[in-house]
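Colleague: I would like to go through this model with you. Please show me the sequence and structure before we start.

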Amino acid sequence: MENYNGEKVCRLCLNSTCSPIELTSHEAGLQMCGLCLPEIDLSICYDSALCSKCFHYLENVYIFKIRCLQTEEKLRLYLENCDPQKINLQHIMECVTNVEDELDSEICRSCLTTSSEFTSVGENDPILRNMFATCIPEMDLSLLSSPVICNSCVNRVKDFTLSNQNVYKLKEN
Ligand SMILES: [Zn+2]
Ligand SMILES: [Zn+2]
C-alpha cells in the first residue's frame, strides 16, 4: 500500500496518510486492535498501518474498554461472594471502596465514578444498551437492576460505536 513518497492507506479509515503508524512492528497497536476491534483481520494485508487520527482514536477506545472490563471484574468478584440477586451499585461501592461520601449521587456502571449527569441503560433504553452490547460484549448490563452511565462514558461508547460502524462499512465494500 506504500507509494513513492511514503504515504500509506490507513487500514481503518482507508484515507491516505503521510505519517503512517506501522502496525506490524507495533506491539501496543496490535494489542489495542485485537481487544477493541476483533472484527478486523489484520492478516488481510501484510503491511497494515494506521493514520494518526485512527491511532489516537483507538487509544481512547482501548482505555475506555479496559476500564469497563476492570469494572466488570470487580462486580463479578463481588457477586461471587454474595446473593446473586440483582444488587445496587452504591452498596457494592460501599463494600469495595473505603469512600463513603457522595453515595447519594449515581455511580456510573462503566467507570465506577460518581456523577450527577448520567443516562440510564435500563431495559427501556435500548439504544445505549445496544451500543454497549456491540462495543463491549463482555459487559453484562443485567447484573444490576437500574444501571446508569455518566455523560463522559456515554460519549466514549458513542465514539466507539462510530469506529465499529466504519469497520463494518469496510467489510461490505
Ligand atoms: Zn485512519
Ligand atoms: Zn462513567
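Colleague: Leaving aside its neighbours within four places in sequence, which residues is Glu-117 in contact with?

Modeller: First, the ground rules: this is a predicted model, where local features need pLDDT of at least 70, side-chain atom pairs count only at pLDDT 80 or more, and totals for chains, interfaces and linings use all residues. Residues are numbered from 1 along each chain as its sequence is written, and chains are lettered from A and ligands numbered from 1 in the order in which they are written. Contact requires C-beta atoms, placed from the backbone, within 7 Å. Beyond those sequence neighbours, Glu-117 touches Cys-150 and Asn-151.

Colleague: Is Glu-117 buried or exposed?

Modeller: Glu-117 sits in the loop between strand E6 (114-115) and strand E7 (118-120). Strands (E, at least two residues) and helices (H or I, at least four) are DSSP runs, numbered from the N terminus. Buried takes 20 or more other C-beta atoms within 10 Å of a residue's own, exposed 12 or fewer, and partly exposed lies in between, with C-beta atoms placed from the backbone. Glu-117 has 11 such neighbours, so the residue counts as exposed.

Colleague: Which residues of helix H1 (residues 27-36) are buried?

Modeller: The face turned away from the buried side carries exposed Glu-27, Gln-31 and Gly-34. Cover for the buried residues includes strand E3 (21-22), strand E4 (49-50) and helix H2 (52-80). The buried residues of H1 are Gly-29, Met-32, Cys-33 and Cys-36.

Colleague: At what angle do H1 and H2 pack?

Modeller: Axes are lines fitted to C-alpha atoms, for helices over the stretch in contact, and angles run from 0 to 180 degrees between N-to-C directions. The axes of H1 and H2 are 10 Å apart. The contact includes Met-32 of H1 and Leu-58 of H2. The angle is about 60 degrees.

Note on methods. Contact = placed C-beta atoms within 7 Å.
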